[in-house]
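Here is my note on the model. Please read it with the coordinates open.

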Amino acid sequence: MSSAVVRWGVRRPEMLGLGALLLAGGLLAAVGTRLLTGPLAVLALGTVFASIVALVVVATMGTPETRRKIAPYGLLKPGMLWLALFYLAPLFTLLRLSLSTLPSRFAVEANFDWNFDNYVTAFTDFGPQFQRAFMYSGIATILTIAIGYPLAYVIAFRGGKFRNLLLGLVVIPFFTSYLIRTIAWRSILSDNGIATGMIGKFRLTWMLETMGMMDNGRLINTPAAVIFGLTYNFLPFMILPIYVSLEKVDVRLVDAAKDLYSTSTSAFRKVVVPLSLPGVFAGTLLTFIPAAGDFVNALYLGSPNTTMIGNSIQDQFLVQNNVPLASAMSFVLMLIITVFVIIYSRFFGTEDLA
Amino acid sequence: MSDVVIQLDHVQKSFGDFVAVEQADFGIQQGEFFAMLGPSGCGKTTTLKMIAGFEQPTSGKVLLNGVDVSRVPPYKRNVNTVFQQYALFPHMTVVDNVRFGPKSKKVPKSEYEPNVAQMLEVVRLSEFADRKPTQLSGGQQQRVALARALVNFPSALLLDEPLAALDLKLREAMQFELKRIQREVGITFVFVTHDQGEALTMSDRIAVMSDGRVEQIGTPEEIYNSPATLFVAGFIGSANLLPGEVAGTDGDDTVVTLTAGPTVRARTDIIRRVGDPVSVMLRPERLTATAEARADGRSIEGTVSDVVFQGATARIVVHLADDSEVIASVITGTDLPFLHPGSSVHLSWDPGSAYMLAGWPRRPGATASDIDTLEELADS
């Protein structure tokens, strides 16, 4: 016998890899949703473990051909298992809960009985909250584009050696917690706060009231304050992707456009804007989706008349204890956002993302 | 000569204290293939940018078809540029790139569409019209850039190092391609290059620039055979520059006593008095190696120090009496038994091959870069 290590040649390594991946992912999701319990769950987890071991063994002992083909599945596995346990399983649980009924007001466990009434209630009772959520987050998204695009443009094209410093300043608010920053704005915008004081001093109250940004001399607890908070909090998420896409734009293209009879304005419109759209698109997703589900800004800067769907979901989950209804509301929110994003990406979408 | 399309009228460009272009004053003719040649930093690209409108002269005027455009922005000038890295719009297809100019100019679609099709035909890219620039090779991108500029039928096409980004083989093919396209469309081409071979191959006239100054403007033959300055002599091709003093005249020729010893006869276009410091330029390929001296004062004697075989020719390095080195390029195959290191040799030339210039070179003999190249070859 030679001393060479025995190499295992598996005939269809990619099928083995994919099979092990799907089996392990499915079993882990099943355990996570508590479809499998007790000894079955132990068995399932054992199988998941065994499939990982099998993959590692094949990947280290296999022939070069086998190893090359199985490697991608090995690299996918940690991420896929993570998603199976912490994304697929909760999603399925939420869907199941949204179709369940609470036997009584104070019951802890809901019974699964294909109860679609939760969805009807979500639509009929929470229409205004849904509307506000999408209106506020929509306006905030447009405002972040309006404020963030010029800022990203200046940093990318005029930043020079201060580029990194300016980018650092954009990110610096993240060093303070989201919650604390929002609460800080509450005190700034409050009736005795500095903002209201300044507006009064410069006699701008009347103007802002006409624009609908103040209500009876108050800044706080108005829709404008909530939108302002959302805009403030999500601005960096708009600036950074736009900056990244602008930074990649070759300035010589602007020269080329000018050489081909375009003014600076139309060179910007026809060359820079189209090339930066992927950044605007990414920024919109990063802003609109979390803003639509946000409850912190409405909670601290708004009033009961400005509650967004996020507040209602939180209320149903944690205060009213109506888990099935809250789950249904979450699902409706998710569905509407998905539809919005699909429509949006059809119009603006770039090959990169859609 | 025909009409002047571009006229630079005492154009000066400074960046702070640095003078990038000094008193550029020349005209470019209609239909001409005009090259601006020089080492990097000589001001050739700055000159091109002033013609395109991306830079404005500090003083002097740029005239386009007789109109002063010195302060006119690029988009109002009827010249187009082929940029060094092409600068094609990556989000547009080839045909949309070509349409960009006429569309911006608000030319009616019915008018420009035939031109767009024709230009794609000229650059042989019709079947790639719907591709994105990233799906094309370097040479194809280059041709898109050409079509995009030419479709506007500019008064002049400006090309900024158009071949620098291509590999050697493609570059040679594109030289002929550019020449063909230029003949086909009949538009004035002004191109900037640091590659003397490119300039000599393609241009009708060349402006050689150095340190912001135009050293000489002329046809490739004029510049090669009768360089106006020592810089031009050394920059274009290989040259042996031998310092000496004017001793007198003999017919059309000037008699020069070389620092290295011998007295030789040279052709010249400059007027010098006896005793003036001058240099005699000898092109390596115009020199022949002989065992005997030539009687008419058209040869110099030296010692062979190196023979580098290069196939059709061999380059020999010859040490003169004053220890300067001269390179001669001789045809191999002929029996030249005396050509081995250490042997004595006479380098001779035909009437008209030696050319006299004003001034002394910084270093007598062959250009330093030529010596270095040959030494490397000899060592390997």
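1. Conventions. This is a predicted model, where local features need pLDDT of at least 70, side-chain atom pairs count only at pLDDT 80 or more, and totals for chains, interfaces and linings use all residues. Residues are numbered from 1 along each chain as its sequence is written, chains are lettered from A and ligands numbered from 1 in the order written, and side-chain values use heavy atoms, with hydrogens and water left out.

2. Chain B overall. Chain B has nine helices and 21 strands; these are DSSP runs, with helices (H or I) of at least four residues and strands (E) of at least two, numbered from the N terminus. Its C-alpha atoms fill a box of roughly 75 × 45 × 40 Å along the principal axes. Of its 380 residues, 53% are buried (under 20% relative accessible area; exposed is over 50%, partly exposed in between; 1.4 Å probe, protein chains only). Take contacts (heavy atoms within 4.5 Å) between residues at least 6 apart in sequence: 68% join residues at least 24 apart.

3. Cores. A nonpolar core is a set of buried Ala, Val, Leu, Ile, Met, Phe, Trp, Tyr and Cys residues joined through side-chain atoms within 4.5 Å. The largest has 45 residues, and those touching the most other members include Leu120(B), Leu159(B) and Phe189(B). Helix H4 (residues 138-150) of chain B gives the most to this core, six residues. A second, separate core of 29 residues includes Tyr149(A), Met238(A), Leu246(A) and Phe89(B).

4. Helix pair. In chain A, H1 (residues 13-32) and H2 (residues 38-61) pack at about 155°, axes 9 Å apart. Axes are lines fitted to C-alpha atoms over the stretch in contact, and angles run from 0 to 180 degrees between N-to-C directions. H1(A) is therefore roughly antiparallel to H2(A) (over 145 degrees). The contact residues include Leu16(A) and Leu23(A) of H1(A), and Leu45(A) and Leu55(A) of H2(A).

5. Most residues other than glycine have a negative phi. Which residue has a positive phi of about 50° although it is not a glycine? That is Gln23(B), in strand S2 (residues 18-29) of chain B. Gln23(B) is partly exposed, at 40% relative accessible area. Glu161(B) also has a positive phi, near 45°. Glu161(B) sits in the loop between strand S7 (156-160) and helix H5 (168-185) of chain B, and is buried at 7%.

Notes: Parallel < 35°, antiparallel > 145°, perpendicular 65-115°, else oblique.
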